[in-house]
Amino acid sequence: MDFLLWVRGPGFDIALVVFLIGILIRLLEVLILGRKPDHSEPRGAELGAGLRTLMTRTLPEQGSFKRSPFTVVGGYIWHIGFFITLFLFVPHIELINATLGLSWPGIASNLIDAVAAVTIVTLLAMLFSRLSHPVKQFLSGPEDYLTWLVTFLPMLTGYLAYHRMIDPYPLVLGLHILSVELLMVVFPFTKLMHAFTFIFARWYNGAMAGRRGVQS
Amino acid sequence: MAEELKRIGKTLGESLRERGVSRRGFLKFCSATASLMALPPAMAPAIAASLEKAKRPSVIWLSFQECTGCTESLTRSHSPSVENLIFDHISLDYHHTLQVASGAAAEAAREAAMHENEGQYIVVVDGSIPLGNPGYSAIAGISNLQMLEETVAGAAAVVAVGTCAAFGGLPQASPNPTGAVSVSDIVKDKPVVNVSGCPPIPTVITGVLAHFLTFGSLPELDSLGRPMVFFGKSIHDRCYRRPFYDKGLFAETFDDEGARKGWCLYRLGCKGPMTYNACATTKWNQGASWPVESGHGCLGCSEPNFWDAGGFYNALSIPDSDITRQAAYVAGAGVALGAAAGAINRNKQSKAASAHETVTIDDLDKQS
Amino acid sequence: MSKATIERGLNAFREQMNAPIASFFSSCVNCGMCAEACLFYTETGDPKYTPINKLEPFRRVWEQEYTLWGKLKSLLGMSKPVTDELLEAWEPLVYDACTLCGRCSMVCPVGNDISYMIRRAREGFVAAGYAPEGIKGASRRAITIGSPMGVKYPALAAQIKHIEADTGLTIPVDVEGVDYMALLSSMEIMNFPEYMEALARIFKQAGVTWTISSEAFEATNSGIQIGSSDIARELVNRVVVAADKLKVKYVISPECGHAYTAIRWEGPNLIGRPYNFKVVHILELLDELRASGRLKTEGMEDDRLTFHDPCQIVRKGGVLEPPRNLLNMVASNFVDMQDPREMNWCCGGGGGVSANERAEELRIKVFKRKKSQLDELNVDTLVTACANCRLIIEEGLEEYRMEIPVVGLTEMIAEHLVDEKSE
Amino acid sequence: MQKLRDIVVRVEERDDPDPVINHSNALPIMHEVLHGLKRLHEKGETTTIDLRSIPFGPGDEEALLRQLGCGEISIELQSLGKSTICETLYPGVWVIDHYNAEGERIALNIEINRVPEIVQSQPEDISDSIIRLNRQLNSENFAC
C-alpha cells in the first residue's frame, strides 16, 4: 500500500515532469533546427501533399505489405490494441480527465481484456520477430529491446492487475502504474518519440515530394 | 450464565443442552455459525463436532487510540443474536468501556485473567499505539505500549480490531502527530489477526472469535494478516454492480441517470477494486444494505493508509497531486528548456556552416 | 594538398543537420521495412544493405550532437564516436549500395525520406575524404574538362557536324535570344547521338527555337553524385551563366536522371537564388507540344513494349504523366511493369553507382530485380528516358543474356514524326 | 470530477415508483440449484447454498425466492427462535430461513435434499426422548 501511494504520488509526479519536459525539449530541439527555404520552382504545393502523406502513410504501400506482412499486420494489431486499452478503458479515461479535463465514454472492460490479451501476444510475437528476422535482428540494439520492454510491461502488468493474478491488488496496481511511469520516463530519451515525431517526418517527406509533384 | 460456565468449565455443547436447547436447535446454531464464519454450509457438521467440545476462552480487550467506533459496531449494530450466544461462551474479562469495574479493580481483573489463563487467552486490541509521548494515550497511568507488551506476553493470539489497530488508521494518517503504529508493528512473536475496517463489520469480528472458539485456532490469513474468508476477495469482485463496470456503465454524478439505475460508482471514486472486505456479501445492519448499495462508493476503509490514499471522490486511477496545475507548470518549463536546447542546436548548425571550407576537386582524397 | 579530414567530415554532417533529418532519425523504430524496398537488400539478402543502416555515421552525429540525451551520453562516455574507420567501413554502403533512387522513402511507415538523408550524408563522407575513386575521377574531369566522361566541346562539335551532314538538319549552337537551351549528357554525346538528332527533328517540326551552348552543354553533375554541394554548385553555375548569357527562357534537361535533379531541384538552392529561366525536362516539353498539337506523329509501334521509369525523373522528379502520354501516341502495345511509376525499381546504376567501378559486381547482382520485372512481362522493347538507365540496362541485359533492345523515348517519338516531305 | 460539495441538493417529486432494476444475480443461483437437483437425483448427493454469502443486489434475493415459490410443504421450527422450512415449487429444493429469538434472520439457506437435515429427528434428541418418556412413565403421578 505504501508502494501504491508512492507510485500514485511522488512517483507519478516525477514521471510526469520527466515525460513532459523531455518531450517538449525533444520536439523543440528538432523543430527549431528548421530547414532552409527552397528556391526551386515548385511543381506542387507542399502543405496539402504533406498532410496527405501524414494520413496515407498509415496504410502500407502495397508491395511492402506483400514483402513484410507480419511487420505490417503485427504493427497494426499492437498499436491499435495499445491505443484501445490506453484510451478506452474507463480507469484510464478518468486519469486523462483528471489531468486534461477531457472525458469520453469507455468500452466494456471484458472487451478491453480481450484486446489486451491479443496485444500482449502480438507484442511477444513482434519480439520474436525482432530476434529472428535477419534485418530486424541486424538493426536492433539495446534501445530497441528497452523500448519493447517498457511498452510491454504496462500491458502485462495491466492484464495481471485486471485479473488480480498477483496478490494483493494494491501491489499489482502499483506495479502497473510503476511500469507506466517507467514508460513515461524512458519515452523522451528513446525512439518512442516517434509517436510524436512521425508527424513531422511524414509531413516533411510528403511536403518535399509534393513540391516536386509526387504524392509520396 | 457466563459466571456459571466459568465456574464449571463446561463445553459449549453441554451448556446449550443444559439450557434445553435440542440437537436440532444446536444444528441450527451451527448452520448460523458457519454462515457467520463465511464457511461453506457443508462445514456445519464439522463445526458441530468442534463446538460440541469447545471451551470458553478468556478475552482481554484493550482500547488505545480509538474512537470506540469498533466497540460500537460490535455492540450496537446487532441486538443479541448468534454473536451474543458466542459471547456468552467467551469470557470477556476486560474491556474498559463495557466492564462494570473501574480504576484499580478493572486493572486487577485484567491481571487476574492474564494470570489464570496464561498462554491461552486472546487479546483484542482496538486503536493504534502512540510511540511519541506516552502521555498521548495512557490507561490507569500505564502507557498503551507498555500495556500491550505486558498483556500480549502471555496471550495465545492477538486480534487487532479496526483499521487503527490493524494498520495505524486515522491516528497514523499524515502527519501522524502521535507517532501511531499498528499492533503488528509492536507484536512480532504472537500470531496477530487483523480485522480491519473503519469500523470493521461486526459479524467479521465475531466470526474470527467464533473461529477461535470453534477450532481453537486462527483462520487462514492474507498477506496483510486478515482472515481470508472475509478479506480474500475485493469489494469490486463481489460487488453486485460489477456487471455494470464490465459493461462500461458508470454513474457520472451522484444524481444522474446512471446513479439512479445503480450503475458502477468507479468514476465517483469507489475504492472497491483495491479494497478487500466482506461488505458486499455480509452487508451492514443485519444485512440491510452496504455503502455501494446505498449509492456511495467504497472508501477503502479496510486498507492500510486509506486516509492518505487520495480524495474519496477521485477515481482510483487518478494520482493524488493536482496534476493539471502541475502539468501546466512543467509544460512551461519544458517549453523554456526546449527553446534553449533548440537554440543550442541552431547555434551548432550555423557554427558548422561558418566553419565550412569549400570542397574542391583537390580535396577529394583523404589527407595523408 | 588535400584538406579532407574527419573533422571536416564531421563539420559537414553538422552543417547538413536540419529539422527534417532530426525528425527522421527521431522517428525510426528499426522496423526494417525499408530493406524490402531496396534492391540492394532484396537481391542480396544482406541486412547491412538496409537503407537506414547506411546512415549510421550520420545518425551518430545527430544523436551525439543534436539531442540532449545524446550529449549526456557522450559526456558519460557512453556513445560510439564517428571515426575514420567508421566512415571507411560505411563508404561502400553509402556510395556502392545506394543509387539515391528514393524507393525506401516511399514506404517508410513513419515517413522517413531516407534517400534525402543519404544525399546529405554524402556531404560528410566526401568532406572527410571517403568517396569512391570512380566518382572522384568523374568529378575531377567534370570540373577540369567540363564533362565527367572527358568530352570537350570539339568532340560535341564533331558529332554535331556529323549529324548535320547525315540529316541535313541544323543544330544551333550559341544562338542568343532563342526560347530553349538544350543540355546534353556525355553519354548522349558519345553513346546515343540519336538524341540530338531527335531534338533537331522534333523542334524543327514544332517550330521551337533552341540552341546548345558551347560553354555549358553538359547536363550531368558529378557534384550531386559524390555529394559535394561545392562541386555541384560550380557545375550548375556554368549552366546558369551560359543560359543567362544566351538570354534563353528555358533550359531543357535531357534524358538523364540525376541531371534533372541537379538542374531542376538542387540548382537554385546551390546558387542560393531562383533562376532567371525555367527548367523543363525534355519529356515535359514534348508532352506540352503534344498537348498543344505542335507535335505530330504517325504510325504506331506494334511491338510489345514497356517503360522503365527513371527514378530521378519520375519518383524524385515528378515527371509522371508525360512519358505515358507520349508513349500512347506511338505505341499500341504498351504494358506497365509491376510497381510502375513512382514505385518503380531502380536499374541499379543511379546516384553515381555507374561511375563507380568498385560497385560493378554488386550492380550486376542487383540488376536481377529489373531482370525479373522484365521476365514477367516478356516484352520486345524497353523504352526509357535516361541515358544512364539505358546504358546500365543494356549492360545488365547483356550480362544476363536477354535480348531486349532499349530505346530512348525522345528518339522513339522522333522516329514517328510526320514526315514533312510527305506533307 | 464532480465533488460532493458541487452537487446541488434538490428535492424531487417522485411520481414513479422505484425503477425495477434487474441485477440478474439470481440467475446463476437458479442454475446452481438445477445442478444440485441433478446431483441429488443421480447420485443422492445433497447441496446447501448459503444465500448470505452471495453478493446480491437490491431485489435479487426477493427475485430468487419469488422464482422458487412455495410448494406443498411448509414447516415451522421453534428452537432458539423461529425457523421456517419450505419446499419450493421444485420438489427437492427447500428454503430454510432461520431467525433468532429476537426475530432477526441468522441464516438463509437453500438445501437440496429429500428432507432437510434439520427436519429429521436427531439421534441425540431421540435418546433424550427415550429417557424423558421413561422417566415420565415411571413417575408416580403419571396418568394417561
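Predicted model: local features only at pLDDT ≥ 70, side-chain atom pairs only at ≥ 80, totals over all residues.
Two residues are in contact here if their C-beta atoms, placed from the backbone, lie within 7 Å. With that cut-off, chain C and chain D do not touch, and their nearest C-alpha atoms are 36 Å apart.

Residues are numbered from 1 along each chain as its sequence is written, while chains are lettered from A and ligands numbered from 1 in the order in which they are written.

**Where chain A meets chain C**
- On this interface, 47 residues of chain A are in contact with 51 residues of chain C.
- Two or more residues each come from α1 (2-31), α3 (62-67), α4 (69-88), α7 (134-139) and α10 (194-211) of chain A.
- The top contributor on the chain A side is α10(A), with 9 residues.
- By class, the chain A side has 17 nonpolar, 16 polar and 14 charged residues (nonpolar: Ala, Val, Leu, Ile, Met, Phe, Trp, Tyr, Cys and Pro; charged: Asp, Glu, Lys and Arg; polar: the others, Gly among them).

**A look at chain D**
- Chain D holds 3 helices and 5 strands (DSSP runs numbered from the N terminus: H or I of at least four residues for helices, E of at least two for strands).
- Along the sequence, the pattern of chain D reads α-β-α-β-β-β-β-α.
- Of its 144 residues, 30% of chain D count as buried (20 or more other C-beta atoms within 10 Å of the residue's own, with C-beta atoms placed from the backbone).
- Among contacts in chain D with a separation of 6 or more, 41% join residues 24 or more positions apart.

Note on methods:
Buried ≥ 20, exposed ≤ 12 C-beta atoms within 10 Å, placed from the backbone.
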